[in-house]
Amino acid sequence: MTQARDAAGRHPQTGGMSPFNRRDLLRSAGVIAFAGAAATTAHTQPARAAAARPGFAHGVASGDPMPDSVLLWTRVTPTPEAQPGSGVGPDVQVHWEVAEDSGFLRVAARGSVRTGIQRDHTVKVVPTGLRPGTTYWYRFNAAGATSATGRTRTAPAAGAAVDRLRMGVVSCANWQAGYFSAYRYLADRGDLDIVLHLGDYLYEYAPGEYQARDVVVRPHDPAVEMTTLAHYRRRHAQYKTDLDLQALHAAVPFVVTWDDHEFANDAWSGGAENHTEGAEGAWATRRDASKQAYAEWMPVRFEPGGHIYRRFAFGSLASISMLDLRTYRSQQAASVVDPAIGSPARTLTGDAQMEWLLNGFSSPATQWKLIGNPVMIAPVRFPSTLSAREVGAVEQLLGTTTIDGVPYNVDQWDGYTADRSRVIGHLRDNAITDAVFLTGDIHSGWACDVPADPLTYPFNGASVAAELVCTSVTSDNLDDILGSPPRTTSLVVEEAFKAANPHVKYLDFDSHGFSVLEVTPGALRMDWYVLSERTDRAATSRLATSWQVDAGTQSVRRAQ
Amino acid sequence: MNGLPTDAAHPAADRRQFLRLAAVGGASVLLSAAAGTAFPASARAAVGPDPSTRTRVYVMVVDGCRPDEMTPRLTPRLAALRAAGTNFPGARSLPVMETIPNHVMMMTGVRPARSGVPANAVYDRAAAAVRDLDRPTDLRFPTLLDRLRDTGFTTGSVLSKRYLFGIFGERASYRWEPSPLLPVTGHAPDNFTMDALIAMVDGVDPDFVFTNLGDVDRVGHSDVTGTTVQAARSAALRSTDGQVGRFVDHLSATGRWESSVLIVLADHSMDWSIPSNVISVDQVLSARPELRGQIQIAQNGGADLLYWTGPAAARDAGLAEVRSLVAAHPGVLSISNPAELVLGPEAGDLVAFCRAGWRFSDPWVASNPIPGNHGHPATEPIPFFISGGSPRVIRGAVLSEPARTIDVAPTVGALFGLAPPTGGYDGTERAAAFRS
């Protein structure tokens, strides 16, 4: 554990030139005793020691922006004993304020809220009455300490003309597999309206169970697979000590959903691949614990007992429907040839969420219908031209067996074709335009059409939607599994997949990084940025490729 | 094209006046003028406001065009016009997604419940027959064509389809009767329609002209490769694109481009079905002759309008059964009451829409053999852009606004300073496309 916290505390300064970067974050936090130390000794100060001081060791965050409100988050450590997951520490009154300027001269709202061990000393408040499409600054104060200052922004007014929406798009950040340089680069940009996190924000594994190839770059805390509420709380807390993640949270409001690793690998409504009923307790108990910790530690309008699927609008330009594809899903099919794949009795979304999703497509109020979609919806068939070694590597990446010509991953929508048919049928029958699925999960970058009918697609190119998949922040992908240098042996696999699936226009099975999505009335464009080396704290980033969807086409093309 | 008048008289029994204009290759174009409207003494003379300040507005309907078909490769002239103006990529047609109601919505700015025109074909209870809404008396609401004319502007209609010519009647100051009409399709090819439009602009130069180009739709209906390569359809799109380009070039060559606003849109799009994907309500009800005998069906391609003709006392129960039986067909997407779709009593008692890739065929299963159809929600998306050389047009803009066919009238009306009709418009003026 000490080693992990040392690693968290030794992040390099990036020297980014954006209006609000990591350096600003630390400077603004200087009034807090622990953060003041971090500002001068960030490379040597163990995170645990920092967190042990009263204050706001886990940063600040905002999320779920609406035209008149945005959710603000922090975690207060009122006494050294009040560590995450400890269940120890006094109740404390936390004051918050929101201002129209970074100097807090024009305060727009302020208030206070009480927190304590019942919610692991986390704080979530939702100031209302804010102005739409407006940048605000916020901070918290408790027990004589003041938090870092965060910056956030409300959504544009309902129905307002919006020229542009720009967001970071990320998923699959495994602490043990490397550093969160992707978050650093996003934080340093200074031009994002939101960050869309599509899940696998954290991982459940114990040290040594899942890392960067065979190397644990920085071990998880606690040093066990998280199965209890205390475990989930501590793991969330550990991730929130990462300064790159803190910087991004403090700079941009997040819109998040979960995938499986927030619970356990390949979670479904009644269990998970990485859950042993009994030995690891009851699934319902574990699931509830993970959801409680998620509600406490994430800047999200979700509380236990509610549902996380929800929709946001950004004027008349775009809506974003965030899906929950774990809570209601039927158990994954046993194999890729299991006839249950197509059974209408099985579901990925659940009936209520499906109705909500389909109804949302039909709203004329927004042009682009974006779907925060944790797992891929485009059908992907396994090619027949790969070597045994390549097949084995893809199987390891997917965690499933593969057979030529059949769906390659039954944890995706490919394993729930009745639900997918409902979605595609609805899009096609109602001629829904400008629907774009934004997807994570699969540790690779994809740009795909979603065919109206895969059989006729090669002839007519008819597509009902586009799908853009961001790669992993750090989690292993194909070259890691093959043990090959990036962009070498995977190229053959990628070409084979594209040949077998002509609606797949872009595929990168190797890179780690992040995406930036820019939405305008005329087109939507995603840029894929890749990192030089995820295990390098000072990794560089470069733009790898850009693909776009022109309005009204439902089809991807390489951006010029 | 020389556009000179060759004949200003016509031995007609009615009070209309006729003008024969020369067109390309020695052909002629015959225009008629509404009663009380005179042809100018010189056909080249501008009619209306001061030529130096006037705005000419041309609404051009590329009938049945899908928005994704308007591409730089397939339709370079249309795509260039769109890029040079203000585009509304989220534009849609309105129920029932058929030609006549959407042309009527464009010109009236009101929904069918107010205009009386909900579909192409309806069951006429008085006549006890299914017929097209192609009579001037079918349209109960004033249109831009007559409202602008009544306020001192000149208007023209150049409509390629016989039934459009029929329903708009003598509302325009000047109108062209489509000719030659092709058998089966009942429309004039686009090259003839464009000859007429150019002749009308050259001859009487209306302030506003409403044009329908029917080839893309008519070819689309019969394109048996519609579900795959759409060979015939693509050829029609290229041809129509050339005709639009020809009109733009003519406006430029005659010095009118700088005063022109072009609103280009479709009335609906097109969806293709394979022969096995046919829904026949007649067949669905065949096992229930007592119900079938109380129902009349007006088939509109992707939509069936169903009319209860039995005893009033049995109406609610009978319609409930019909709804249940028809909704069970796998090709049926939805069944609505006409009021839910703002259609009015002419649309009957139930409106059934099919899914994408299906079509209705009634009153018999073989009644509708054509693969390309519209009328159902799959055919709602349409191209809709505002372009032209007028300095009022904003260039290179794309807007998220959900433009609809019904927005044409308030938008054009505002350009001419025309007050809304009694009761107001149901559509929305798309003012963001223009400099104020």
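At what angle do helix 6 and helix 8 of chain B pack, and how far apart are their axes? Select residues 190–203 and 231–253 of chain B in this predicted model. The two helices pack at an angle of about 15°, and their axes are 10 Å apart. Because angles under 35 degrees count as roughly parallel, helix 6 of chain B is roughly parallel to helix 8 of chain B. Their crossing is right-handed.

Now show the side chains at this contact. Helix 6 of chain B contributes Asp190(B), Asn191(B), Met194(B), Leu197(B) and Ile198(B). From helix 8 of chain B come Ser239(B), Thr240(B), Gln243(B), Arg246(B), Phe247(B) and His250(B). Coloured by class, the contact shows four nonpolar, five polar and two charged residues.

**Cis peptides in chain B**

Stay in chain B and select Ser179(B) and Pro180(B). A cis peptide bond joins this pair, with omega about -5°. Pro180(B) sits in the loop between strand 9 (174–176) and helix 6 of chain B, so the loop leads back to the helix where the tour began.

Next, select Pro95(B) and Val96(B). They too are joined by a cis peptide bond, here with omega about -10°. The loop that holds Val96(B) runs between strand 5 (86–87) and helix 2 (99–108) of chain B.

**Helix 12 of chain B**

Helix 2 comes up again at the next stop, helix 12 of chain B, residues 408–415. How many of the eight residues of this helix are buried? Seven are, and the helix is mostly covered. The buried residues are Val408(B), Ala409(B), Pro410(B), Thr411(B), Val412(B), Gly413(B) and Leu415(B). To see what they pack against, display helix 2, helix 4 (144–150), strand 4 (56–62), strand 10 (208–213) and strand 11 (260–265) of chain B. Following the helix is Gly417(B), which has a positive phi near 70°.

**Across to chain A**

Display both chains and select the residues where they touch. Chain B gives 20 residues to the contact and chain A gives 19. On the chain B side, 11 are nonpolar, five polar and four charged.

Then hide chain B. Chain A has 560 residues, of which 60% count as buried. It contains 14 helices and 24 strands. Among its contacts with a separation of 6 or more, 71% are between residues 24 or more positions apart.

**Positive phi in chain A**

Select Asp64(A) and then Phe104(A). Neither is a glycine, yet phi is positive in Asp64(A), at about 50°, and in Phe104(A), at about 60°. Are these residues buried or partly exposed? Asp64(A), in strand 1 (residues 60–66) of chain A, is buried, with 22 other C-beta atoms within 10 Å. Phe104(A), in the loop between strand 3 (92–99) and strand 4 (107–115) of chain A, is partly exposed, with 16 such atoms within 10 Å.

**The nonpolar cores**

Finish with Val195(A), Val436(A) and Leu438(A). Within the largest nonpolar core, which has 149 residues, these three touch the most other members. Centre the view on Leu438(A) and leave aside its neighbours within four places in sequence. Leu438(A) is then in contact with Val169(A), Leu196(A), Leu198(A), Leu370(A), Ile371(A), Gly372(A), Asn373(A), Leu468(A) and Leu517(A). A second, separate core has 121 residues, including Ile167(B), Ala236(B), Val332(B) and Trp358(B).

Technical notes. Residues numbered from 1 in each chain as written. Chains lettered and ligands numbered in written order. Predicted model: local features only at pLDDT ≥ 70, side-chain atom pairs only at ≥ 80, totals over all residues. Axes fitted to C-alpha atoms, helices over the stretch in contact; angles between N-to-C directions. Helix = DSSP H or I, 4+ residues; strand = E, 2+ residues; numbered from the N terminus. Parallel < 35°, antiparallel > 145°, perpendicular 65-115°, else oblique. Left-handed = near helix turned anticlockwise from the far one by under 90°. Contact = placed C-beta atoms within 7 Å. Nonpolar A, V, L, I, M, F, W, Y, C, P; charged D, E, K, R; others polar. Buried ≥ 20, exposed ≤ 12 C-beta atoms within 10 Å, placed from the backbone. Core = buried A, V, L, I, M, F, W, Y, C linked by C-beta atoms within 7 Å.
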